[in-house]
Structures are given as structure tokens and as C-alpha cells.
Amino acid sequence: MSTDQTDGFDGGVSAGDDSEPEIDFYGGKLASAFPLVFFVVWAIVQSGVLRVSDTTGLVAGMLVALIFGMFLVKGSWAGYANTIFAGMTQRVAATAIVAWLWAGMFAETIQTGQFVSGLVWAAEAAGIGGAVFPAATFILAGLLATGIGSGYGTTVAFTALFFPAGVALGANPALLFGAILSGVVFGDNLAPVSDTTIVSAVTQDADIGGVVASRFKYAGVAAVLSFAAYLGAGAVMDGISVAGDASAILGSNVGPTGLLHLLSMATVIGTAIAGRHIVEAISWGIVVAFVLNVVFGLADVSEMLVFRASDSLWIARELSVLPFVEAINTSPEGVTSSVGGSLYAGAQGFFPLIVLVLLIVAGAQIMIRGGGFRAIQDFLLESVATTVRRAELTMVLGTAFVNSMITINTAAEIAIAPYIARLGERFNINSYRRANILDANTSALGYIFPWSGGVLVGYAALADLPTKYDWFTRGMVVDPTEVVPFVFHGWLLVGVFVFSALTGFGLEYISDRESEEVARA
Amino acid sequence: MSILEKYLAGLTFRSNTPRFDAGDELELFVTGRADGAHVVRVGDSTLRLDGAPADALDTKVRLRVTGFDTDDHVGEADYLETVGESAF
């Protein structure tokens, strides 16, 4: 029986909601893609060409794109303007935002609680040499990234500490930088508190816990192969002979107590996979982390939440006996009253990304109502994704391509997510599988190419090392182009998914297994 | 589903032409139409769907399989109710 996958009815791609206004563009349906295309070009120029990793800069780009796009609308612009509102109020954006805020608070709280210090202690206690150091760094960076979900945060922490220590021990610099980025890819891909994990789940109507459990089989295969590759490459690739002292770099003031936050991580991952709502799971993680910090002296209450009020207020002076109130002298210039701590900073760190996701989803909605989304979807279904194997390969390569262009990978993931959803739904591919295809390639490609945001963040930290250590010369800084072949986990993760798409490994249909209810996202 | 089952689910090489049995009740997306009727495509297998509303495309429906040819990977199903819609 021949079927027409692209033969839609009047409802179009917005699932048949005839009450929504249509938008006509000068230049036809594809012109409705202008805001998103303009944004992609802006993102490439900003992050790829000029190498500026500034999410708020992308917000400006999307705002300008939405203004320019309006001038292409035929007739009244009211429908276009209303579509921006309609896009921004979609559940997919709200769900991601809520999860990000909670994840940000959790990540910052375990970092404040000396989790990195615990990892440093573990590296020292193991007494590993230069040949094994890259493999160990891959594991420890993966652990931190899985705990805090922040690829950029892990990259900075490890390039500042583990990289010079490893070089001093005789590890090959390019291999070591690649191992750090590989660990980051692992955590960015797997962590339930990772921004990309959250986006992949909510855009594909899947629960985050189920997504994390379902992607172990892919991440595990790639991680085992990567670990073996770092062991092998570490044994044959020479390092540089330097006068640095690894122990002095890693610091003498480190201890194992920070590793207690493995319990905080286990709380979040365990409760999420057990099927609890992600807000509930991360809330329990925050409670456990908070208690561990206070009970074991890992962080003061004021490091997690503090009200800094002017000591000219009598009530501030009276309340300063409380551990979360500080009366400060605000007379010097630049000192103002404020709220601070890990809960504050963790949530605040996501504000630019939250605004960006709202605007991108609005741009996507304009493309849907203007017919551009449907036109591209029909082309893909008619000419490219004609079988389930080809559809999955299209999803893998399409996600990889977009992520290689837009180097801030969460933004790229949000932009491609509607196509992954629609292509997958047209073959009734399970939402977990769709989320895994989307996130694996997003996480991997964000940390491989010389223009990738993650690589640039790490390079910036490396370039700063000669100012910190006398023995660290400019020649030891790894150029972004040198590290490309050594991000083993990134390459292998993409390879695993190409293999999976071609062979059906891990493929599940919607009829095989339903994801948990969407409310659990 | 137990936590262990969640980790192990999908750890196989899945066929691109899944099979169905008459009487199976499933929730699937309506993916297109052919010969005047809606079609539900699952991988490269297809089910002709009878009785679905005109605006059923890209909605998730509950259906009952009434027949399936395992050689040609095509079958028929009856629409029961609409249970959801596309993620976008």
C-alpha cells in the first residue's frame, strides 16, 4: 500500500487548530523562516566567526530577527505580534524554564559545597601518573558534569585545575584537553539537571528520568570505548617535560568531604529515574545538598542564601544574628544591598538562556503559522526521510549539522527540536529515542569543533594559565584546532547514533513503550 | 516498569517493520493518508485507520488492530478515540 506521509489536512502542522491566525509573508511560506534563519546566521557570526560566547548576545539577535521578520508580513502585523505571544506561552518553554531554574540552584549548591575539591582529592589519592591521567580526568570530569549538568562550568573548573596538574605529571596536553571535553560531553548528555537533557526531554514529550535511564545504553558504549582509548593514547603519546609540581597545583587544602555530594547527585538521579516529577527530584537533591553542606561544614548557610542589608537599618542589625542575614556598610561606592548565595546565583545563571528559549520558540511558532515549517517538513519526508532508517539518519545528521553551525548547543537544540519531534512522530518513533538522538548529537558537537562554545570556554581558561604558573608557557596552551581528534567520547557518541540509526540498535516505537505522563516532564 | 527495566529497555536491534496482531489496542500518531483513509505508519509498517475524524493527522489516537499481513507489513485498524496531539 502506498501512503502519502506528507498529505496533510486543513489543520496543517499545528495539529489542526483552525482558530489560530495564518500569517502571509512576502516571498511565500519559506519567508516565514526568516526570523530563525536570521538568528542562525547571527549565532554563526557571533559565536563561530567572532568567537563571542555570550548568550545575551543571542537574545539581541533573536529580538532583531523578530523585528525584521515583521516587515516581511503582508497586511496587518497584529497576527505576527500575537504569534510571538502564542509561541512564548507554549508549555514546552515553560517546562524547560522551570527545570533549568531548579537545576541551576542544585548545581551551584553542590559546587559551593566543595564537590570539585573532593574530586581533586580523589585524583591526588589515586596517585596516578601522566599516562593514566587523561583517562582518570575523563571519568572525574564526567562525574562533575553529571552532578552539576553544566558543561561550561565543568570545562572551566577542569582546565584551571586538572589541566596544569596533568601537564606537570607528563600527560600530553592535547589529549588531556580532549579528555576534559569528553567528560563534559558525557555529563552534558546524561545529567538529569543538564540544560540539554531537559530540552531534549520536554520537546519530545518525555519524562526526564525515563530519558536518562534510556540513554545509558548509548552513553555507556561510547564511554567504555573512550576510556580505553584514553588509556591507550595516554600510553603512546608523550607529554612535555616541565618543572611544575602537580600536588602544589591541585592544592594541599583539599579533602574527601566534598565527595559526600555524590549522595546529592544520587538523590536527584535516583528519584528522577524512579518516576518522580523532576521538580520534586531536584528539590530533594537541593535539600540533601543543603543539609550536607551545613552538617559537615562544607558551606555556611550564608554561602547558599544571604540577605545583605544596610547596617544603617536597625532591623538589619537585629536580624544579623540569623545565619542568612548580613548587615553591611553600604557607604563605600559600589557596595549595595543585595541577595546572594548559591540558590540565588544558580537560578540567575539561567536567566539569559530562559529569555532566549522564549524568543526562539516564538520564532518557531511564526515559522509554523507562516507555513515554512510545513514546507521544509514535506521536503524532508518526500525526498530524504522516506523510510524509518533514513528518517533516523536524517535526525542524527540534521542535529549534528545544526549543532556544528550554532555553537551554543542549547540554542541549536531548541531550534532543531520541532523537526526531530515531527519526523519521529511521522514514523511513530518513541519519544525517548527521539530525545536521545537530539541530545547525544547536541552534547557531542558542542564540544568538538574549534568554534564550539565549549571548546572556546576551555581555550580561554587555558590561555590564562601562563599568567598563573611561572613554568606554564604559551607553547603548552592547546590550540582549539589541535583538540578536535581527541574528543573521543564526542566522536564515539555521534558514531554510536549513526550506527543505531542504520541498524535499529536501541530503536523503540511508541507502541513498544509509552513515556511517562507528560506532567512528569 | 521497574528501574532496571527502564535501563534495559530497547537494548536490541529493532526491526524496521514491526508486527501487530488482530485485537491489539495501541496509542499511536496518525501519520498520513492513502486512498481516502488515514494511515498510521509505525517504522515502515502501515495500518489503514478506519473511522478517524477528518482532522486526525498528527494527533495521537487509540486504535484497535483488526488485521495485519506479516509479509507485506500492512494492516487495518479501527479508530477508538483521540488521546493526544503532536509535541509541536
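## The sheet of chain B

Six strands of chain B form an open sheet with mixed pairing, in the order β1-β5-β6-β4-β3-β2. At its edges lie β1 (25-29) and β2 (32-34) of chain B, each of which pairs on one side only. From one strand to the next, the twist averages 45°, an angle taken between N-to-C directions on a scale from 0 to 180 degrees, with axes as lines fitted to C-alpha atoms. Strands here are DSSP runs (E, at least two residues) and helices are runs of H or I (at least four residues), numbered from the N terminus; two strands pair if DSSP finds at least two bridges between them.

This is a predicted model, in which local features need pLDDT of at least 70, side-chain atom pairs count only at pLDDT 80 or more, and totals for chains, interfaces and linings use all residues. Residues are numbered from 1 along each chain as its sequence is written, while chains are lettered from A and ligands numbered from 1 in the order in which they are written.

## Walking across the strands

β2(B) and β3(B) pair in the antiparallel sense over three bridges, and R33(B) has H38(B) in β3(B) as its bridge partner.

On to β6: β4(B) and strand β6 (residues 74-85) of chain B pair in the parallel sense over five bridges. The bridge partner of T46(B) in β6(B) is V74(B). Strand β4 (residues 45-50) of chain B is mostly covered, with five of its six residues buried (20 or more other C-beta atoms within 10 Å of a residue's own, with C-beta atoms placed from the backbone).

## The largest nonpolar core

What about the nonpolar residues? The largest nonpolar core has 185 residues, a core being a set of buried Ala, Val, Leu, Ile, Met, Phe, Trp, Tyr and Cys residues joined through C-beta atoms within 7 Å. F106(A), L144(A), I180(A), I360(A) and L493(A) have the most contacts inside this core. Helix α18 (residues 351-369) of chain A gives the most to the core, with 12 residues.

Leaving aside neighbours within four places in sequence, F106(A) is in contact with V193(A), V268(A), I282(A), G285(A), I286(A) and A289(A) (C-beta atoms, placed from the backbone, within 7 Å).

## Confidence

Chain B has a mean pLDDT of 92, and 100% of its residues reach 70 or more; pLDDT is the predictor's confidence in each residue, from 0 to 100. For the complex, the predictor gives an ipTM of 0.96 and a pTM of 0.81.

Methods
Buried ≥ 20, exposed ≤ 12 C-beta atoms within 10 Å, placed from the backbone. Contact = placed C-beta atoms within 7 Å.
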